[in-house]
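Colleague: I have a model open and would like to learn how to read it. Please take me through it feature by feature.

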Amino acid sequence: MELTVWRTFVTVCRLGSLSAAAAELHHTQSAVSRQIAGLERQLGVPLIERHARGVRPTPAGEVFRHHALAALNEADRAVRAAREAGDGAFNRPLAVGATPSLAAGIVPEAIRALLKQAGPIRWSLLPGLSAQLHHRVITGELDVAVVTDAPPGLPHDPRVERRFLGLDDMVVALPVDHPQSGHGPVHMQALADQTWVEDNDGSAALLHQHATRAGVSARIDLTAADLPGKLALVATGHAIALIPGVLTRALRPDVTTVSLVDPPTRGIYTVTPGRGPHPCAAPLLDQLAAVFTSVRPAHAAHRPTDTDAHPTEPALYDGITDS
């Protein structure tokens, strides 16, 4: 099978239209239709179906699209690598992904340290959720992802390598004039009557678990679209929020934090491709570990790395997100 046809199919799925795909690929619509029909004959299953507003992949087509996209990304990487090797230099940008709190905290610091150590490097940073970032490492879009095991956890996948950086204590974000500002660590009971805001199910799950252990409940009365929105509601006194400890040094000036007694924690991991890693990936992992250690309390607990036994983790993401 020719990758050109695979690329046509993936484009059709992405745009949901044969005519739009033809325009983007500079083909005629009939040529695109013939390529898809030929691919369906080779596979022996229908790959797309028409609906009122265009086309969409069939269940078989969606499965094929997933694998075809990974193959196309890897093929593109192979072409770039060959050309760079032929030029006698490796100049592919380092593509890094991180959850929002890590992208605002330790990752920029680690990249700064890497650039100071290794000299000029082309790089990019893509914030996202752990499930999305994990998938983008598998498909070749990212060289390094910095993710968390916040509920529901991380999947085992032989196509990637995972490195444990450490445990991150969650803290409570408060407006600077809050009565608990400047105190701490505080027991959850002292915050039981507060209004809480959350921006994702993963953090909400950690909050509910911690409150239950303390024998109280947490009223999550407000919902924010994202982490900046969550912090804006805290800054203006509408609510308080559970946030990652690694975010503390990057907070806006009108938000402060208080630590919790026996706080909920989440593991921080790096994820890299199992084969063909970027040459700068390993040094970046070392810098990430160093920066994370510098922001963690000395009493941080140990958790095994991938070379040791894994903690119990669910096999798949189930849609719960993280910051």
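Modeller: Start with burial. Of the 323 residues of the protein, 46% count as buried. Buried means under 20% relative accessible area, exposed over 50%, and partly exposed in between, with a 1.4 Å probe and protein chains only. This is a predicted model: local features need pLDDT of at least 70, side-chain atom pairs count only at pLDDT 80 or more, and totals for chains, interfaces and linings use all residues. Residues are numbered from 1 along each chain as its sequence is written, and side-chain values use heavy atoms, with hydrogens and water left out.

Colleague: How many helices and strands are in the protein?

Modeller: Ten helices and eleven strands. Both are DSSP runs, numbered from the N terminus: helices are H or I with at least four residues, strands are E with at least two.

Colleague: What share of the accessible surface belongs to carbon and sulfur atoms?

Modeller: The accessible surface comes to about 15700 Å², and 55% of that belongs to carbon and sulfur atoms. The areas come from the Shrake-Rupley method with a 1.4 Å probe; for residues, only the protein chains shown count as cover.

Colleague: And contacts in the protein: what part is due to residues 24 or more positions apart?

Modeller: A contact means heavy atoms within 4.5 Å. Among contacts with a separation of 6 or more, residues 24 or more positions apart account for 75%.

Colleague: Let me try a helix. How do I read H6?

Modeller: Check its span, then its faces. The expected span of a helix is 1.5 Å times one less than its number of residues. Helix H6 covers residues 106-118, 13 residues in all, and reaches 18 Å from its first C-alpha to its last, close to the 18 Å expected.

Colleague: Which residues of H6 are buried?

Modeller: First the general idea. An α-helix has 3.6 residues a turn, so residues three or four places apart point the same way. In H6, Ile106, Val107, Ala110, Ile111 and Leu114 are buried. Seen down the axis of H6, the buried residues fall within an arc of 130 degrees, so they line one face of the helix. That arc is taken over the directions from the helix axis to the C-beta atoms. On the other side of H6, Arg112 and Lys116 are exposed.

Colleague: What covers the buried residues of H6?

Modeller: The cover includes strands E3 (94-98), E4 (123-127) and E5 (144-148), along with helices H5 (100-104) and H10 (281-295). After H6 comes glycine 119, with a positive phi near 90 degrees.

Colleague: Which residues have a positive phi although they are not glycine?

Modeller: Two to look at. Histidine 26 has a phi of about 60 degrees. Histidine 26 sits in the loop between helix H2 (18-25) and helix H3 (29-43), and is exposed at a relative accessible area of 72%. Aspartate 262 has a phi of about 50 degrees. Its place is the loop between strand E10 (255-258) and strand E11 (265-273). Aspartate 262 is also exposed, at 55% relative accessibility.

Colleague: Now the rings. How many aromatic pairs does the structure hold?

Modeller: Three. Rings of Phe, Tyr and Trp (its six-membered ring) pair if their centres lie within 6.5 Å; planes under 30 degrees apart count as stacked, over 60 as edge-to-face and the rest as tilted. Phenylalanine 9 and phenylalanine 64 form a tilted pair, 5.6 Å centre to centre, with 55 degrees between the planes. Phenylalanine 9 lies in helix H1 (residues 3-15) and phenylalanine 64 in helix H4 (residues 59-86), so the pair ties together parts 55 residues apart in sequence. Both phenylalanine 9 and phenylalanine 64 are buried.

Colleague: Where does the charged end of arginine 162 sit?

Modeller: A charge sits over a ring if NZ of Lys or CZ of Arg is within 6 Å of the ring centre and within 35 degrees of the ring normal. Here the charged end of arginine 162 sits over the ring of tyrosine 269, 5.2 Å from its centre.
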